[in-house]
Amino acid sequence: MVGKDCVKVAVRVRPFNKRERDAGSVCVVSMASSSVTLQDPCGGPSRCFSFDHVYWSHSGFSREGGRYLAQEPGGRYADQACVFQDLGEGVLQSALQGYNATLLAYGQTGSGKSSTMLGHGPNPGLVPTLCHRLFHSLTQHQDSLQSQVFFSMLEIYNEQVVDLLCRGARAPGGLRVREEQHRGFYVEGLRRVPCDSAVQVEQLMEQGTRARTTATTHTNANSSRSHMLITLQLKQIFSRESITKQSFISLVDLAGSERQRGSGSEADRLKEGTAINLSLTTLGNVISALADVALGRRGVHVPYRDSVLTKLLQAALGGNSRTFMIATLSPADICYEESLSTLRYADRAKRIQNRAVVNESPTERLVKELKVENARLTQRLSRQEGKRTEEESKELRRLLRQNELQIRAIQTLWEQNLQEALRDWEQQYASITQERRMMQVHPYILNINEDAQLSGVVKLFILEGDWDIGLSDSSPRCISIRGLGIQQHHAVFSNSQHRVSVTPLPGSKLIINGNSISQKAELQHLDRLILGSNSTFLFIGYPSERGEEDWSRYDYDYFQSELAAAEGIHLHSQGEPSGVSGQTDPSLLAVFYDYIKLMPMLAEANQMSQELHKEVEFKLEIKNLALSDARGHDLEKDIAVRVTSLKNRQVWLWSKSKFVNRKYLMEELYQQHQAEGGGAVGPVPRERDPFWDPVEPLLLGKAHLWLQSLAFRIALDEQLEVLGSEGTEEAIVQAQLIPCSPTGLSLSEEDILIDPSELLGRRLDFQLVLDQCCGLRWLRQARDRGVQIGFQMFDCVQLFTPAVWHNVNPLLDQRIHFTSLQTSPALLEYLQTSALVLELWGLQEGCVELAWCLEGVGTTPEGSFIIDQASDTPAVCTVDSLQRDLEALRKDNSSLRDQLSMAKHGCECVRGQAERSQAERSQAERSQAERSQAERSQAERSQAERSQAERSSQRSSCEVELGRSLKVFYHSMTSVRALLQGLRRHRPSEDAGLQALRLYVCEQAAQLKVFSEELEQSVAALKQDVAAIVRRKRERSGTWS
């Protein structure tokens, strides 16, 4: 009975990379024994997972001659050898025993997959170490067995299979995946190269990597979204046992498992992910289904056939293979979501059960049987005679030839293939040797790729003289490159007197060190070049110019950061450093790196739009860069893409995930365009066009109307600046807040409150007046547009003004009445600490206007909107409770009175007649005294009431005067606040010279002087008014201290 093997899963965490170190990232991954704990950087609960192996490669190492070694023997640090000991050794031994073996590498882009699988320099990864150990083991046992090793290498991108070892032109649409009953799924026409040494395998891997680099440039593909599959077919022929063992070693580098941020996860009208994300999505579904099967669930469908990747991995997942998985993690807090997703993926995979068997076939026995059969046929052939014998002889000769051909094929196919592969290898080796010699003599440019393993693969040498670079290869002095935006004749490199210069040709795009170049420029060693939309190269000068610089710092991110800096986007310009340490906020860092990651994709989308004549322009924006919430706190920042139709000026705003999805769809359309010869693109239905979307209202900007004046029942009249997402002035809105009566009449100055707490439990009415919107930037760009203003007051629903069209300075003339029947502490706090956020929405021709829903909104008989509704029911309940308590107290009081009356009556009955007469005389005397006392008390009360009235009148007068002073002070502070906002917005331009900076300093000093004078005058006026009020109050009361 075949035993079950569970997939063995290991997790490895790498050190911080440069990006994470610059950001001051915190490590959120910890490991102990066989468990991994992931800490939530936002303070949530930690997540713990268990695996077969865990490798701590984050710290505890030293670097010696390029090698990473543990600082202490037996320390925590897990090097490449440690990883191979657990995983690679298992793969190797399984293959030597005749089992199929598979090693999967999974993780987000940049988490260390390629480093673990392939390694670099003196730190070889699992694949090269496995090859060396495999051939070493075969060499040791070559006396007892014959071995054959075949190597193949393919890439899966956009559900298309590309043979990376193919010597001819690639078939359009890629190779086909077929299925046979005995072989299962296989790639038809995939080249398998026989190898007899690890060096030859490494050479083939380098050849495949070079082809992969060229393919990604030519097809505009993103290598981080492609899967690479290396297959080693091992055949071991044991002569003594007459048995052949055949095993397949599959080494799979899966595409990056990036996770889109939550803010950009809205559904797209077009299919999410298309074929680009189909493979990883289906792989996840397959793993989940197999995990359910392992738990004993019945009737579970495993969707192997839903993608090319899962078809080819069917044996590795739940089939005839021993499978190992290495999941790689980034330790940084900014990659928490991606790391958690990777761990969950790996946790499901460890439950999968495979059924691996030894693959044996009696090859030698078959050869012996064929030889015996041939001898028998030869003997029969020699004995035949006559006509009948002639016919039988023909049949016997045919069988004899067939058997001989079969024997010869079995014995010579391997030798022939090996000789052919050796000839190819010798040619490749000669080419590489020549390339290395030229590197020591001539200057050249080498490619820089997002995938570090693909960087430095392509080297284009610039020899003496002039060299045209571009798509054309018609001249012997041409350097042919391919890529988006590359012209037939793109630029000219000139190499004269040990000086290299480049001249862009008309209509071509060339960027050097982040700056666009239109004229001849001399190149310096380690200059960064971008040709077309995103073909990135590093210039290497003559050997005399080369020093000991570390070229590795000029990676793909360096190129994009340089471009972003040229656009004014710097890491430290996106916000102030957070904390005492001055480190950048991790959320800002994530936005910055999202920005530079999307920049090349944006350039490619613009180029595809241009070549496909779509007349659509894409531009990156940082959402909420200059915006805040109702309390003035910064909003979470994110990346968005503004899409503008140059034909009709329609505008869309796409999230990051939506743009990425659409960009992959654009690639499919562009590749179809290229396959048809680059002619005019036929009409694409709008519902399938990735460059188009139905128009929707756009949020143009926000303005803040602070509500503090309402807490004092003071009217407010403001001109509010509507700021766009990146701080641009979109419009000016004239708005008022007017405290009023229930009927809408404005309150007088006597209704001003000194203490806002006096509002508690009382009715509050006020009106929001929106008069006019001036200087609409949205309408200046195109007059066939409109705007609406939306806002939400406390717990009321969001309201919108009616749409106004075709006017740069539209009159709004909106007056909205709000009422709080009983002001609650929550509403009072809201008024004192919050602002009403006015949202300016842009409308376009064909989009639906915004409307509010009044379901559940209360209104007064006068027609005003009721806010603070949550406090109404509790208040009514409280009043009812008090009324019930008061009624109960009244009943108790009445009962006590009755009992007291009965007691008095009993006492009077017991007393004698004598005492009664004496009591009557005493009562008369007391009554006379009480009347006199009552008259005196009445006179004193009347005097006290007159004094109290005088004091109350004085206090009321003082409160009115103080209220007037506060109103004047509040209005003056409004202008002071406007000056302060102007100071904040007043900044010099990025390219300002020394003279401009001096002018800016003078202007800033003048504005500061005006601001300080206004502030001092306002405070001094308030002090004088308060002092005068206090002095008059003391004079009236006659109490001088």
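Which ring does the charged end of Arg322 sit over? The ring is that of Tyr99, with the charged end of Arg322 3.7 Å from its centre. This is a predicted model.

## Charges over rings

Arg322 and Tyr99 are one such case. Lys350 and Phe51 are another: the charged end of Lys350 sits over the Phe51 ring, 5.4 Å from the ring centre.

## Aromatic pairs

The whole structure holds 13 aromatic pairs. One of them joins Tyr106 and Tyr345. Their rings are stacked, 4.0 Å centre to centre, with 10° between the planes. Tyr106 belongs to strand β9 (residues 101–106) and Tyr345 to helix α8 (residues 336–349). The two are 239 residues apart, and the pair links distant parts of the chain. Tyr106 is buried, at 4% relative accessibility. Tyr345 is buried too, at 7%.

Phe818 and Phe865 make a tilted pair, because their planes stand at 40°, with ring centres 6.1 Å apart. Phe818 is in strand β43 and Phe865 in strand β45 (residues 865–866), so this pair ties together parts 47 residues apart in sequence. Both Phe818 and Phe865 are buried. Elsewhere, Phe618, Trp654, Phe659 and Phe691 form one aromatic cluster.

Helix α16 spans residues 825–833, and its buried residues are Leu827, Leu828, Tyr830 and Leu831. They cover an arc of only 160° around the axis, which puts them on the same side of α16. In an α-helix, residues three or four places apart point the same way, because there are 3.6 residues a turn. The buried residues of α16 pack against α14 (708–711), β39 (764–774), β43 (811–820) and β44 (835–843).

## Asp765 in strand β39

Asp765 lies in strand β39. Is Asp765 buried or exposed? Asp765 is buried, with a relative accessible area of 4%. Its side chain makes a polar contact of 2.7 Å with the side chain of Arg763. Beyond four places in sequence, Asp765 touches Pro739, Cys740, Ser741, Pro742, His817, Phe818 and Thr819. Phe818 is also a member of the tilted pair described above.

## A five-stranded open sheet

Five strands form an open sheet of mixed pairing, in the order β25-β24-β26-β27-β30. β25 and β30 (521–522) stand at the edges with a single partner strand each, so one side of each has no neighbour in the sheet.

Strand β24 (residues 465–470) runs antiparallel to strand β26 (residues 491–496), joined by five bridges. Here Trp467 stands opposite Phe493 in β26. β24 also pairs with strand β25 (residues 478–480), in the parallel sense, over three bridges. Asp468 has Cys478 as its bridge partner in β25.

Conventions. Residues are numbered from 1 along each chain as its sequence is written. This is a predicted model: local features need pLDDT of at least 70, side-chain atom pairs count only at pLDDT 80 or more; totals for chains, interfaces and linings use all residues. Side-chain values use heavy atoms; hydrogens and water are left out. Buried means under 20% relative accessible area, exposed over 50%, partly exposed in between (1.4 Å probe, protein chains only). Helices (H or I, at least four residues) and strands (E, at least two) are DSSP runs, numbered from the N terminus. The arc is that of the directions from the helix axis to the C-beta atoms. Contact means heavy atoms within 4.5 Å. A polar contact is a pair of N or O atoms within 3.5 Å; within protein, one must be able to donate a hydrogen and the other to accept it, and residues adjacent in sequence count only if both atoms are side-chain atoms. Two strands pair if DSSP finds at least two bridges between them. Rings of Phe, Tyr and Trp (its six-membered ring) pair if their centres lie within 6.5 Å; planes under 30 degrees apart count as stacked, over 60 as edge-to-face and the rest as tilted. A charge sits over a ring if NZ of Lys or CZ of Arg is within 6 Å of the ring centre and within 35 degrees of the ring normal.
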